[in-house]
Amino acid sequence: MRDYDEITAFLGEWGPAQKLIFLLLTVSVIPNGFAGLSIIFVGDTPEHRCSIPGNLNLSQAWMNRTIPLVPGTQVQYSQCSRYRLDVIRNLSEVFPDPDLLNVSGIEEEPCLDGWDYSRDQYTSTIVSEWDLVCNDDWKEPFAASLYFLGVLIGSGSSGMISDRFGRKIVLFGTMAVQILFNLLITLSPSWEIFCLIYFFKGIGEISNYMTAFVLGSELLQKSIRVTYSTLGIGCFYAVGYMLLPFVAYFMRGWRMLILTLTLISLLYISLWWFIPESPRWLLSKGRVKEAESIIRLMAKQNGITPPAVLFTDDELEHIQNKQVKSVPVIQLIKASRIRAITMINFPVWMILAIGYYGLSLNIPNLHGNDYLNCFLFGAIEIPANIAAWLLLRKFPRRLSLSGILALSGGVLLFMNLIPSNLLVLSTALVLIGKLGNTCAFSIVFVYTSELYPTLMRNTGIGVSSMASRAGSIISPYVVMLDSYKENLPFIVMGVLMVFSAIAVLLLPETFNIPLPDTINQMQKVKWFKIRRCSYSYVNKTKTIRENNVAIFTEEML
């Protein structure tokens, strides 16, 4: 009995229809590249210091002495405290020149009148507008974590929604949701409202990305799918990433930045008339005529005459019965082989997300120009995805993934040994770490799909993806470690990546091995196999001792 791929093989693999679908779907993920990471500029913290009221009638010399220096420095002023203004005012009346006394012994007080923010780089960010600094500095990473919480919920629900309502409707419906919440967020009157809208924005953006991934996989032939998921989706996401600093450079206010990015996203709604629904999904719902119409249109675009009858009744029944359905998550821990793989996959995916978003969100803390650094971080994803594509085609999965993770983690740890004056070298090492992390992310998607059996593949990838979303929720707080020690975020991410590189070595190899359809066809995790052998040996020895020599002889034979 022919399956869907065999029935539609007459279309060819890379005709004009497939090229158009490939292009339009990959272009549709460009907004995901700049929308999800816009918080880099929207939530950046400008230079700031305590505001000093102008009615104190202080001379300029005394105004310059109202802010204490940070202990251990001679040029850096405190951002969260000032000298008591009543004491400063009294002293200024007695001593016209502040150099005549030591002001460092004056008692300090918090910024009771708010803060003055530098406008050299931004006209406004959410930090400067709502004073998310000092005791409230936790609010900016909390907003980012809420967004990633929305991403987690969206990634878990997008598959179920698209299975029920269709790939195309969900793809463009979530685009509309993104646009709506992006417009609403520019009207946010408070930080609390911003966080609420930002959460729903996260739900829509990841659903659009995941649906585009699935729709392309179902419309394109097998030989193109790996290219689509790496060079296609990955590289065009990077284009959106590179577009972000270009727009942010000209739009220095956070509301105008989001509004401009939203207007760019609005252009993608026009793709509705060019991107078809998935014929596979239509057949699974019994909508045969619609599926045949799309296939015949693709044949016409490719200059091919389709068969008079595309699907027989038996083939339709076979295709519908072959639809892979997700199984309950509990099944991932019931069977020992699947449990072992899941126990390794979960932390690996989580660490990859911590590294990816931790490095991206840490851009404002790097030396150099923020806009140039952000552009380079986006541009480095293109060679990263090309490298992933080449590795997936020619090299074993396990060693490729482990090696890339070890490289990425190693360079981040090595940064701690670089002198602080070698700024270009430090930035170059971070870029290498970002390249390795992005490359590993592309590889792990394919590798994970090959580890699980058919009936549990969707569930396994879904749970792994949710683990990565959990890691992205943590990532803003990893970036905050910079306030304790300059390179501490890199040390944490480097250690985690090296750990994940070691963990990956325990997974079985899948390169050039047929995909497993059942649990019995799955390969064993190495450490688990050893443990099972030891357990089996102990049980056999115990049985021998409890019975007689005849049993021992039988075992030996």
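Predicted model: local features only at pLDDT ≥ 70, side-chain atom pairs only at ≥ 80, totals over all residues.
Q: What should I know about the model before we start?
A: Local features need pLDDT of at least 70 and side-chain atom pairs count only at pLDDT 80 or more, while totals for chains, interfaces and linings use all residues. Residues are numbered from 1 along each chain as its sequence is written, and side-chain values use heavy atoms, with hydrogens and water left out.

Q: How many aromatic pairs does a search of the whole structure find?
A: A pair of aromatic rings is described by the distance of the centres and the angle of the planes. Rings of Phe, Tyr and Trp (its six-membered ring) pair if their centres lie within 6.5 Å; planes under 30 degrees apart are stacked, over 60 edge-to-face, and the rest tilted. Here the search turns up 24 pairs. Take tyrosine 249 and phenylalanine 250: 5.2 Å centre to centre, with 85 degrees between the planes, an edge-to-face pair.

Q: Is tryptophan 349 buried or exposed?
A: Buried means under 20% relative accessible area, exposed over 50%, and partly exposed in between (1.4 Å probe, protein chains only). Tryptophan 349 is buried, as is phenylalanine 441. Phenylalanine 250, by contrast, counts as exposed because its relative accessibility is 57%. Tryptophan 349 sits in helix H17 (residues 336-361) and phenylalanine 441 in helix H21 (residues 423-451), so the pair ties together parts 92 residues apart in sequence. Helices here are DSSP runs (H or I, at least four residues), as are strands (E, at least two), numbered from the N terminus. Both residues belong to one aromatic cluster, which has Trp130 and Tyr198 among its other members.

Q: Which residue forms a salt bridge with glutamate 109?
A: Side chains of opposite charge can pair when their charged atoms come close. A salt bridge is a side-chain nitrogen of Lys or Arg within 4 Å of a carboxyl oxygen of Asp or Glu. The structure holds six of them. Glutamate 109 pairs with arginine 82, the closest N and O atoms being 2.9 Å apart. This pair links distant parts of the chain, strand E3 (residues 108-110) for glutamate 109 and strand E2 (residues 81-83) for arginine 82. Both glutamate 109 and arginine 82 are buried.

Q: Where do the partners glutamate 129 and arginine 255 lie?
A: Their closest N and O atoms are 2.4 Å apart. Glutamate 129 is in helix H7 (residues 126-130) and arginine 255 in helix H12 (residues 254-266), 126 residues apart.
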